[in-house]
Amino acid sequence: MTRVRIDYRWVAVFAILVTFAVPWFLWGDSRVFAGLPLWLWWHIGWMGLTAVVFHLFTRTAWDRGIVGEGR
Amino acid sequence: MVSALGIQLGVVGAYLVVALAVGLLAYRLTSRDAEDYYLAGRSIGTVVLLFTTFATLLSAFTFFGGPDLAYRAGPEWILVMGVMDGVLFAILWYVVGYKQWLVGRAHGYVTLGEMLGDRFGSTRLRAVVAGISLFWLFPYVMLQQMGAGEAIVGLTNGIVPYWAGAAGITVFMIAYVVIAGLRGVAWTDTLQGLFMLGVVWLAVGWVATAAGGPTALSNALATNNPEFLALGGGLYSPQFIISSAVTIAFGVAMFPQINQRFFVAKSSAVLKRSFALWPVLVVLLFVPAFILGTWAAGLGISVPEGANVLPVLLNEYTPVWFAALVIAGAMAAMMSSSDSMLLSGSSYFTRDLYRPFVNPDASEAREAWLARIGVALFATLTFVASLFRPGTLVSVGDTAFGGFAQMALPVIVALYWARTTRTGMFAGILGSQAFYLAHVFVPAVEVGSMTLFGATYLTWDYALWGMALSALLTVGVSAMTAAAPEENQSRFTDGLRAD
């Protein structure tokens with residue numbers, strides 16, 4: 001069997017991306033900024049960040065955990 | 001009034017006819033690519049892959065169910081859909097999708113059932129997977145018909161009845177698949193997706209301008225529905241947000257038309273690009289769609305019985321023709337995504353059920369006709385069921401997603417753990433389906449201090465418990481049983497090559 005390396009750093013990164021897509025720390029907060037709730041702005045920004053991180057993942061770590069290192 | 005009705009019906013009718021014509025044209029112009037698709041040539045490019053997947057989001061669930069929920073309970077639904085679609089689903093896109101793509105490319109699979117059936121040496125497993133998928137596809141197609149019926153009621157203020165809208169979309173759906181062929185669907189998904197994305201933003205701009213700008217709108221909200229601006233509260237508990245996001249995300253990955261797309265990407269570059277663009281696309285669609293529903297609540301829009309908030313809001317704040325155009329666009333987009341569903345559903349039916357069990361030697365032509373008849377029959381049955389209005393759009397959609405989600409963990413276990421056995425798969429898939437179905441259909445009963453078959457256990461949705469059960473059964477039973485001699489244990493793990 002080919003050895004498949006699981007990269008726990010990326011697992012942690014993905015876990016953080018999932019967890020904070022909802023700004024739990026703003027729970028019950030009703031501040032509004034430019035017509036939209038503050039928590040919604042957080043979400044929009046976070047999704048932008050997620051797209052950037054995903055892009056980095058495809059550039060540097062794609063195949064991790066799925067395809068063996070060969071040899 | 002009559003003239004407004006004339007404009008509404010004229011715009012909706014004209015749009016649907018144009019959409020059908022474009023579908024036909026797209027099919028003619030791209031028949032080679034499309035043929036590849038039907039023959040499962042792995043040749044779908046980034047834009048088409050992204051948008052056919054995206055098209056699943058362009059459903060009644062997004063356009064009508066989501067804004068309704070935001071109107072009734074607040075805009076937090078944006079977060080649910082964002083987490084689930086933008087982040088969780090994207091990760092599954094890699095974990096399930098990329099893996100399936102590699103396995104599928106190595107062994108030539110076209111459906112999920114085929115892949116699992118081959119790995120576990122069991123045609124019965126193949127049929128079970130196809131059967132369960134078709135079963136849960138039923139409510140989701142029905143959802144589109146319900147959405148169309150309700151949209152027409154809202155647009156015409158009840159002058160055109162619910163059943164007429166639902167029937168209209170059914171006829172168009174069947175025509176689309178039968179006339180435009182079983183093949184041109186992916187391209188029209190793309191066109192409609194782009195159109196709808198543009199139109200939803202126009203609608204936001206229009207309503208915002210007509211109502212005095214976003215700040216005025218949020219002030220109205222602060223006066224009328226102050227609880228909508230605060231994160232959480234009411235329906236939205238952390239448990240609700242997490243349960244919905246998790247079950248829908250895993251469910252989407254098992255949706256026939258999505259799961260099948262995992263096999264058809266041209267190269268891994270296609271999967272990579274789609275993966276990174278996904279969160280952005282999700283925000284671009286969901287934020288405007290659901291914020292419209294929220295604004296409607298602040299503006300004190302009242303929605304007639306059996307209608308959706310979006311058409312009512314647009315009628316109030318935008319010209320009649322524009323409101324009709326948005327609704328027509330949404331209906332057409334819903335139709336084209338239903339076509340994708342019906343198309344994949346029919347390939348599950350012909351490849352995984354009909355060929356292996358009924359007629360292994362059926363000719364291509366016979367199979368194609370059978371698929372068409374199957375589609376027409378399926379759509380007619382969902383139409384009949386949609387007349388009974390078994391729940392709100394979100395509740396029906398949620399039930400379907402939850403049903404698909406029950407299959408996700410056994411599939412993931414099988415993809416990554418070579419010691420998974422056939423018995424383990426049957427236990428995981430059938431056990432969780434039995435658990436889930438019981439909770440959908442059996443009324444809640446009190447046993448001592450506990451409620452059985454209720455909506456939640458310890459405040460968590462039963463769909464989530466079903467998923468846990470599915471993983472536990474798959475892993476536990478696999479650990480206790482030995483692989484059958486026909487199993488190909490290393491099929492999903494050995495010999496996978498990156499591009």
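A salt bridge is a side-chain nitrogen of Lys or Arg within 4 Å of a carboxyl oxygen of Asp or Glu. The structure shown above is a predicted model, and a search of the whole of it finds ten salt bridges over all chains. One of them joins Arg351(B) to Glu114(B), whose closest N and O atoms are 3.1 Å apart. Arg351(B) belongs to helix H16 of chain B, whereas Glu114(B) belongs to helix H6 (residues 112-119) of chain B, so the pair ties together parts that are 237 residues apart in sequence.

Helix H16 of chain B also takes part in helix packing. Two packed helices are described by the angle between their axes and the distance between the axes. Helix H7 (residues 123-155) of chain B and helix H16 (residues 320-358) of chain B have axes that come within 9 Å and cross at roughly 160°. Because angles over 145 degrees count as roughly antiparallel, H7(B) is roughly antiparallel to H16(B). The crossing of H7(B) past H16(B) is left-handed. The residues of this contact between H7(B) and H16(B) comprise 22 nonpolar, six polar and four charged.

A further partner of H16(B) is helix H4 (residues 60-73) of chain B, which packs with H16(B) at an angle of about 130°, the axes being 9 Å apart. H4(B) and H16(B) are therefore oblique to each other. On the H4(B) side, the contact is made by Ala60(B), Phe63(B) and Phe64(B); on the H16(B) side, by Ile327(B), Ala330(B), Ala333(B) and Met334(B). The residues of the contact of H4(B) with H16(B) divide into seven nonpolar, no polar and no charged.

Another helix pair in chain B consists of H18 (residues 393-416) and H20 (residues 462-480), which pack at an angle of about 25° with their axes 9 Å apart. H18(B) and H20(B) are therefore roughly parallel to each other, and H18(B) passes H20(B) in a right-handed crossing. H18(B) contributes Gly402(B), Ala405(B), Gln406(B), Leu409(B), Pro410(B) and Val413(B) to the contact, and the residues from H20(B) include Ala463(B), Gly466(B), Met467(B) and Ser470(B). By class, the residues of the contact of H18(B) with H20(B) are eight nonpolar, five polar and no charged.

The remaining topic is the interface between the chains. Here, 47 residues of chain B are in contact with 37 residues of chain A. The size of an interface is often given as the accessible area lost when the parts come together. Between chain B and chain A, the buried area is about 3400 Å², of which carbon and sulfur atoms give 81%. The residues of chain B that lose the most area to chain A are Tyr94(B), Leu229(B) and Leu231(B), which together account for 20% of what that side buries. How many salt bridges are there between chain B and chain A? The count is zero.

Conventions. Residues are numbered from 1 along each chain as its sequence is written. Chains are lettered from A and ligands numbered from 1 in the order in which they are written. This is a predicted model: local features need pLDDT of at least 70, side-chain atom pairs count only at pLDDT 80 or more; totals for chains, interfaces and linings use all residues. Side-chain values use heavy atoms; hydrogens and water are left out. Axes are lines fitted to C-alpha atoms, for helices over the stretch in contact, and angles run from 0 to 180 degrees between N-to-C directions. Helices (H or I, at least four residues) and strands (E, at least two) are DSSP runs, numbered from the N terminus. Angles under 35 degrees count as roughly parallel, over 145 as roughly antiparallel, 65 to 115 as roughly perpendicular and the rest as oblique. A crossing is left-handed if the near helix is turned anticlockwise from the far one by less than a right angle, and right-handed if clockwise. Ala, Val, Leu, Ile, Met, Phe, Trp, Tyr, Cys and Pro count as nonpolar, Asp, Glu, Lys and Arg as charged, and the others, Gly among them, as polar. Contact means heavy atoms within 4.5 Å. Buried area is the accessible area (1.4 Å probe) that two parts lose on being put together, summed over both.
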